[in-house]
Amino acid sequence: MDENGMDRWTKKLGVRSTLPQLRERLRSDVVYFRAVYNHTFNFTRSEGQRSLAIDTALAYWELLLPFGLSGGALKHHPSSSNDTSTTPLLNRDVRYRNNHYQDADIDMDGESEDEDEKDEDREEGWGNEHTEWWLEYMRERGGRGVSKDTWQMLADFIQSIDAKFEKHDVTAAWPSTIDDFVEWARDKKIKTKCHVSA
């Protein structure tokens with residue numbers, strides 16, 4: 001297909017106007033991001049393989065994770081730190097998890113009365129620095145591949161973990177790769193960072 005044919009094809013399908021919309025949706029929509037993220041594992045995995053090649057996983061994490069973090073699709077949900085059964089996969093309001101209403105004073109606009117206080121006390125979660133740590137750890141660790149469980153649970157972990165990994169529970173149902181990463185990050189990154197700033 002020549003260049004003019006490609007231009008006609010993209011105009012006919014509306015690709016130029018649709019791509020920015022899909023990009024924004026991927027950045028900001030938790031459900032859409034998660035569907036694309038999870039599909040990426042199956043789509044990029046070599047036929048007949050149960051795991052994703054480490055180099056392929058690293059390349060897609062480098063692409064997807066910062067994108068999801070920048071638009072809120074991987075937004076931190078502090079109330080679900082290690083409880084994988086309530087991790088906010090479907091962009092649920094934390095007050096309504098598991099169909100149980102958790103106490104919160106709501107005004108007529110749907111805002112919490114103590115919103116300003118909560119903003120000040122809100123703990124930070126996973127950021128781009130943590131993504132760099134994850135990629136570094138996985139490169140150092142090496143290995144033959146990344147399991148589907150590790151791939152999918154990483155997104156849950158990113159949404160639930162605090163920035164210093166203080167609330168990580170090794171007895172929770174995280175894959176061992178994630179538990180090992182937390183130990184590595186605490187030893188090599190967080191302690192070093194604290195010593196440098198002290």
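**Fold, helix packing and core of the predicted model**

Of the contacts in the protein that span a separation of 6 or more, 71% link residues 24 or more positions apart, a contact being heavy atoms within 4.5 Å. The structure is a predicted model, in which local features need pLDDT of at least 70, side-chain atom pairs count only at pLDDT 80 or more, and totals for chains, interfaces and linings use all residues. Residues are numbered from 1 along each chain as its sequence is written, and side-chain values use heavy atoms, with hydrogens and water left out.

As for the overall layout, the protein has 8 helices and 2 strands. These are DSSP runs numbered from the N terminus, with helices being H or I runs of at least four residues and strands being E runs of at least two. Starting at the N terminus, the order of elements is α-α-α-β-α-α-α-β-α-α. Out of 198 residues, 35% are buried; here buried stands for under 20% relative accessible area, exposed for over 50%, and partly exposed for anything in between, using a 1.4 Å probe and protein chains only. The protein exposes about 12,400 Å², and 48% of that comes from carbon and sulfur atoms. Accessible areas come from the Shrake-Rupley method with a 1.4 Å probe, and for residues only the protein chains shown count as cover.

Next comes the core. In soluble globular proteins, nonpolar side chains tend to be buried together. The largest nonpolar core in this model takes in 36 residues; such a core is a set of buried Ala, Val, Leu, Ile, Met, Phe, Trp, Tyr and Cys residues joined through side-chain atoms within 4.5 Å. Trp61, Trp134, Phe157, Phe165 and Phe181 have the most contacts inside this core. Two or more residues come from each of helix 3 (30–44), helix 4 (54–71), helix 6 (128–141), helix 7 (148–160) and helix 8 (176–197).

Leaving aside residues up to four places away in sequence, Phe157 touches Trp126, Phe165, His168, Trp174, Ile178, Phe181 and Val182. Phe165, one of these partners, sits in the loop between helix 7 and helix 8. Phe165 counts as buried because its relative accessibility is 0%. The phi angle of Phe165 is near 60 degrees, a positive value in a residue other than glycine.

Two helix pairs stand side by side in the description. The axes of helix 3 and helix 4 come within 11 Å and cross at roughly 170 degrees, so the two helices run roughly antiparallel. Axes are lines fitted to C-alpha atoms, for helices over the stretch in contact, with angles from 0 to 180 degrees between N-to-C directions. Angles under 35 degrees count as roughly parallel, over 145 as roughly antiparallel, 65 to 115 as roughly perpendicular and the rest as oblique.

Helix 4 contributes Ile54, Leu58, Trp61, Glu62, Leu65, Pro66 and Leu69, which meet Asn128, Thr131, Trp134, Leu135, Met138 and Arg139 of helix 6.

Thr40 is in helix 3 and counts as buried because its relative accessibility is 8%. Beyond residues up to four places away in sequence, Thr40 touches Tyr60, Leu64 and Trp151. Thr44, also placed in helix 3, is buried too, at 16% relative accessibility. A polar atom of the Thr44 side chain lies 2.6 Å from the backbone oxygen of Thr40.

Some residues with more open surroundings round out the picture. Asp55, found in helix 4, counts as exposed at 59% relative accessibility. Asp55 and Met138 are 83 residues apart along the chain, yet their C-alpha atoms are separated by 9.5 Å. Glu183 belongs to helix 8 and is exposed, at 52% relative accessibility. Between Glu183 and His168, 15 residues apart in sequence, the C-alpha to C-alpha distance is 9.7 Å. Gly127 lies in the loop between helix 5 (115–121) and helix 6 and is partly exposed, with a relative accessible area of 21%. Gly127 and Asp162 are 35 residues apart in sequence and 9.8 Å apart in space, C-alpha to C-alpha.

Key. Polar contact = N/O pair within 3.5 Å; in protein donor to acceptor, adjacent residues only side chain to side chain.
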